[in-house]
Amino acid sequence: MSLLNDLIDLNLSENTEKIIAEYIWIGGSGMDMRSKARTLPGPESDPSKLPKWNYDGSSTEQATGDNSEVIIHPQAIYRDPFRRGKNILVMCDAYTPTGDPIPTNKRFNAAKIFSQPEVVAEEPWFGIEQEYTLLQKDVKWPLGWPVGGYPGPQGPYYCAVGADKAFGREIVDAHYKACLYAGINISGINAEVMPGQWEFQVGPICGISSADEVWMARYILERITEIAGAVLSFDPKPVSGDWNSAGAHTNYSTKSMRNDGGIQVIKKAIEKLSKRHKEHIAAYGKGNERRLTGFHETADINTFSWGVANRGASVRVGRDTEKDGKGYFEDRRPSSNMDPYTVTSMIAETTILWKP
C-alpha cells in the first residue's frame with residue numbers, strides 16, 4: 001500500500017508541464033454528481049479557454065441511447081485538493097450537441113437572470129448553509145447511531161464535542177480544509193442538532209458563483225466520504241420522528257439592502273417572496289413537505305411567515321439587521337437537496353426583477 005500511496009502522491013510538476021483536469025457535472029437526478037478526468041497541456045485559470053468535452057448521457061438518464069452525446073462546457077475552475085499540484089477541478093454545465101441546455105442544466109437560466117442589468121447593479125450576495133447527514137455505508141443509518149436503534153434524544157449533539165456526541169468530525173474537518181485549498185469561500189462548519197448531521201456554510205458570494213461553489217463543495221464532500229467509507233445524504237428528512245431535518249438556509253442581501261435604510265428594501269423583498277410562496281416552495285427541493293412541518297425549527301410548508309430572530313418562520317431577519325436598519329435576511333425554506341442555481345436565481349428574480 002505504501003507504493004500505491006507514493007504513486008497517488010506523485011508531484012507531476014517535477015517531470016511534466018501537463019496537468020489533470022477533473023470535469024464535474026450534475027447527473028440526471030439533479031443531485032447525483034458525475035466526473036471524469038482528462039490531461040491538459042498545461043495550467044489554465046480561465047474556464048473559457050478549456051476545451052469542451054462530452055459524455056454518454058444515456059448512462060446518466062440525460063439522453064437516449066440513439067442520441068446519447070451530451071456536451072459539457074467548463075464554467076468555473078478550482079484547485080484540486082486530491083491530486084494537488086497544478087491539477088484542477090472544473091465545474092461544468094451540460095448541453096445538447098446543437099448548443100441547447102439540457103433539461104437538468106439549471107445553471108443556464110440562472111446565468112441569464114444574474115446577467116440582467118438590474119440584478120448586476122444590485123450585486124446580490126448569498127450565504128448558503130448546507131446541512132447534510134453522514135450514513136454508515138452498509139446499513140444506510142446515521143453515523144454513530146446503533147444499527148437498528150436510536151441514540152439518546154436531541155439536545156447534547158448541536159456543536160458538541162466528545163466521542164459519544166460528535167460523529168464524523170474527521171470527514172468534516174478534511175472537507176473544510178479541502179474547500180479552502182480549492183479556493184471555495186467556505187466560511188464555517190458545525191455539528192447539527194441531530195447526531196450524525198453536520199453543516200457547512202459557503203459565502204457570502206456574489207451572484208452565480210455562490211451556486212458554483214456550493215456544488216463544488218458538495219462534490220468535494222462526497223469524494224471525501226467515499227475515501228472514508230461513509231455515505232453522504234442530502235435527504236431533507238433522513239430519519240422520521242422526533243429528529244431535526246436538513247435544510248439549506250439561504251442568506252441574501254442586495255446593495256440596496258446593505259446601504260443605509262436597507263431595512264425598508266428588505267421588507268419589500270420579503271413581501272414579494274410572500275406573494276410567490278407556492279412557486280418558491282415548488283422549486284426549493286424534493287421531499288421538503290417532510291421537513292417543513294412547523295416543528296423542529298421550521299415553518300409550515302403551506303404558510304408564509306417572517307419574523308426577527310424567529311427560527312420557526314419562513315424568513316428570518318437577524319437582530320443586527322433590525323438594529324442597524326440594513327443588512328440581510330435568511331430564507332429558511334430551501335431543503336438540503338435544493339439546487340443552488342435554482343434557489344439563488346429565483347430569489348434574485350423575485351426580489352429584484354419581478355413586478356407584482
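Visitor: Which residues in α5 do I171, A174, H175, A178, C179 and A182 of α4 meet?
Guide: This is a predicted model: local features need pLDDT of at least 70, side-chain atom pairs count only at pLDDT 80 or more, and totals for chains, interfaces and linings use all residues. Residues are numbered from 1 along each chain as its sequence is written, and side-chain values use heavy atoms, without hydrogens and water. Helices (H or I, at least four residues) and strands (E, at least two) are DSSP runs, numbered from the N terminus. With contact meaning heavy atoms within 4.5 Å, the partners in α5 are A217, I220, L221, I224, T225 and A228.

Visitor: How many nonpolar residues does the contact of α4 with α5 have?
Guide: Ala, Val, Leu, Ile, Met, Phe, Trp, Tyr, Cys and Pro count as nonpolar, Asp, Glu, Lys and Arg as charged, and the others, Gly among them, as polar. The contact has no charged residues and 2 polar ones, and the number of nonpolar residues is 10.

Visitor: At what angle do the axes of α4 and α5 cross?
Guide: Axes are lines fitted to C-alpha atoms, for helices over the stretch in contact, and angles run from 0 to 180 degrees between N-to-C directions. The axes of α4 (residues 169-182) and α5 (residues 209-228) come within 9 Å, and the crossing angle is roughly 135 degrees.

Visitor: Which are the edge strands of the open sheet?
Guide: Strands pair if DSSP finds at least two bridges between them. The 5 strands are ordered β2-β1-β5-β4-β3, with mixed pairing. Two strands pair on one side only, β2 (33-40) and β3 (53-56).
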